[in-house]
Protein chains: 4
Amino acid sequence: MNTEVTRQVAALRDTVARLHRELTRYDLVAWTSGNVSARVPGQELMVIKPSGVDYDDLTAETMVVCDLNGTVVDGTSPSSDTAAHAYVYRAMPEVGGVVHTHSGYATAWAARGEAIPCWLTAQADEFGGEIPIGPFALIGGDDIGKGIVSTLSGHRSPAVLMRNHGVFTIGKDARAAVKAAVMCEDVARTAHLARALGQPVPIAPADIDSLYDRYQNVYGQRPPAH
Amino acid sequence: MNTEVTRQVAALRDTVARLHRELTRYDLVAWTSGNVSARVPGQELMVIKPSGVDYDDLTAETMVVCDLNGTVVDGTSPSSDTAAHAYVYRAMPEVGGVVHTHSGYATAWAARGEAIPCWLTAQADEFGGEIPIGPFALIGGDDIGKGIVSTLSGHRSPAVLMRNHGVFTIGKDARAAVKAAVMCEDVARTAHLARALGQPVPIAPADIDSLYDRYQNVYGQRPPAH
Amino acid sequence: MNTEVTRQVAALRDTVARLHRELTRYDLVAWTSGNVSARVPGQELMVIKPSGVDYDDLTAETMVVCDLNGTVVDGTSPSSDTAAHAYVYRAMPEVGGVVHTHSGYATAWAARGEAIPCWLTAQADEFGGEIPIGPFALIGGDDIGKGIVSTLSGHRSPAVLMRNHGVFTIGKDARAAVKAAVMCEDVARTAHLARALGQPVPIAPADIDSLYDRYQNVYGQRPPAH
Amino acid sequence: MNTEVTRQVAALRDTVARLHRELTRYDLVAWTSGNVSARVPGQELMVIKPSGVDYDDLTAETMVVCDLNGTVVDGTSPSSDTAAHAYVYRAMPEVGGVVHTHSGYATAWAARGEAIPCWLTAQADEFGGEIPIGPFALIGGDDIGKGIVSTLSGHRSPAVLMRNHGVFTIGKDARAAVKAAVMCEDVARTAHLARALGQPVPIAPADIDSLYDRYQNVYGQRPPAH
């Protein structure tokens, strides 16, 4: 690697290691069951969590660098979900970050094979409508990656509920994918609680469109006008 | 601003920044989804959370000062809910603090469009009866503010469940509004759990009145008798 | 007070202040809604939480000393539940500690007016069978105290679910009452979850008796045999 | 004991004391209700939690060393569940660690006497299928131990739900048993949430076999190839 790529990789190792703290802060993971990765911009490389390592022990140094076929370039055994992350980066060039969790409420929808209907303005904002269900897929090849990509391609939602399995989210960078994972569990929980006692009120499709458009375009800190 | 107003604003920046910690302590918010504001007493000014900033990064300095039309007087982009806060301050001169959250149990009632019936003495104490439902309203104009004000005007409850959206609470100051937000989620949760397994017992209206009156007038530390 | 009583009161102020941390650790309370007290052994005195003070701000010094009619002997306004604590100490001389919470799962059973059936060996151990329901009672006189005492007198359970209100627990000292409050919420939660998906299996009364007897007599660290 | 055994025991005291932190971190226990033990490899000895001691006060020094009949060799009163741990070590020589909890969601399944069906790939990975129910058994003799051993012998699952009681897990060492206890509650919770709103989709037995085989053989950090 040249100096600039070395610098980028070092920064992403730190970012990816730190972002795992959001998974534990929001109780999205148990033991070592979730993982975050980031694409190295402009390179055929990604930075990902090592396999089976405690969240407390994750540091920039323990992160693993792989190529986009999941082959280790620098580090120990990468997450057992590396093939799925790699497939997403190969198939979706606009994606800069991928997150995987088994967060409980979202995974409960996944276990029933049910998409989460859009009953909340926060879901319209972040997901642009329902959070879709992906297929059942076994680990060990490209099946999970294919299921993620076929479900999310052309869909507004940055999250997919893989049937009987858990959540994969994507984003322009790793932080955006982590945010989508946090919000996915939050709306999955509220939607669960809402339906547990009756029938939630749907939001009109035009209102969902309006909310999604505004949120994607005007929310958050804007760069100062020039 | 004159010196006294400058001092008031500085104190409220600190208070508002700190009160956001109660939102995270009680798990009322995910990512950057809730906000607290305070009116600057006697001024056409309010202090509010900046937009899209992590709770860990909130400091007195990052708070935004706006006029009561939501125009920034000092700071960066204010919360995307600023228009709603500002509308409440313009319409309800007795209100000194406003809080907004998507806390899960309360928002589940909001997603079904159901007010929370008064099954708990703690709810009678703080809310004086049911916690009402406000209308569905899109963000971006005064619709949310109007829905809050029309629902809470003349109502005992300092909390409104905006349909498909979340909770807004008001108080004589920001701390009182935060307390209402914490108690709203607490009673929303207990009421949910109670009804999940059967039919809760109603509290007689006269008993609700008695509880509300006592709590509003005698609870808490009193100034020493003179 | 003589020196020995002064020493006892100082120690109990510290104990009672610290025990409130268990209420927040186990999420039994929101804002300032629960309280712990201890009888001063051999005296007509009790130590109790001040009214409306944040849990973070509780110290030995802020605790309030009252007589057993609830009149303040040393300190500021005591908990608004002081009359109920005092009534219990007057009526039940074997009780050395009282705790009150609105913990969510237990209060949900209270809102339905349902005792918690004994489906768990941990409940048989600590409560000796079902956790009973007490009457609806308004705050402000002796009604709550009378309801607690009439329900718990001659009952094995150290916890009562006061209808539409919350939990009161008793113990030989404040720590035992806090333990009962923690275990009450724990079994209320598990019993709720169990019944939410079907009909739990009852435990035979003779087995409940056997579990209760063993737990009350042999559990925990024993003093060394002499 | 010879020097090597003394060293092993000292290391296990530290390991067992520390592993209890995972029980509190994942909210698997209330007050003093769960316990971890480890077999001393090659010896007729085990290290176990003392009875009725707060988790905050557990240190390597407070751990109790017992023989495999549960008789104390070094320390104070051991956990009241010592007889069950000891029975497992006597009957299952491959087991190096045992954990017991009353974690809420798993114990709710136990209260209904229902095994947890395999609806999640994470459950297939760790448990190889359903998590089975063991018999109702009273504490105080070998009945609990016999129930654990008869249920888990020849079963893939390292966890058993003892009816009306709670969870026992086993592992090659104490850390593996703790992991099984954490994952048991995690899958019990997600399975509960999934079934609460409908019928989860089963995973085909051949897929469960495939997931279990892969996870047991290739997950986690591998020693470097030589």
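Modeller: Arg112(B) is classed as buried because its relative accessibility is 7%; buried means under 20% relative accessible area, exposed over 50%, partly exposed in between (1.4 Å probe, protein chains only). Its salt-bridge partner is Glu114(B), at 2.6 Å from N to O. The rule for a salt bridge is a side-chain nitrogen of Lys or Arg within 4 Å of a carboxyl oxygen of Asp or Glu. Glu114(B) counts as partly exposed, because its relative accessible area is 23%.

Two notes on the basis. The model is predicted: local features need pLDDT of at least 70, side-chain atom pairs count only at pLDDT 80 or more, and totals for chains, interfaces and linings use all residues. Residues are numbered from 1 along each chain as its sequence is written, chains are lettered from A and ligands numbered from 1 in the order in which they are written, and side-chain values use heavy atoms, with hydrogens and water left out.

Now the interface. Chain B brings 32 residues into contact with 33 residues of chain A, contact being heavy atoms within 4.5 Å. The area buried between the two chains is about 2800 Å², and carbon and sulfur atoms give 58% of it. Buried area here is the accessible area (1.4 Å probe) that two parts lose on being put together, summed over both.

Next, the polar links. Between chain B and chain A, 10 residue pairs are in polar contact, both residues at pLDDT 80 or more. A polar contact is a pair of N or O atoms within 3.5 Å; within protein, one must be able to donate a hydrogen and the other to accept it, and residues adjacent in sequence count only if both atoms are side-chain atoms. Helices H3 (104-112) and H6 (174-196) of chain B are the elements giving two or more residues to the side that touches chain A. H3(B) gives the largest share, 7 residues. Helices are DSSP runs (H or I, at least four residues), numbered from the N terminus.

The rule finds 2 salt bridges across this interface. Arg25(A) pairs with Asp56(B) in a salt bridge, the closest N and O atoms being 2.7 Å apart. Shared partners join Glu22(A), Arg25(A) and Asp56(B) into one salt-bridge network.
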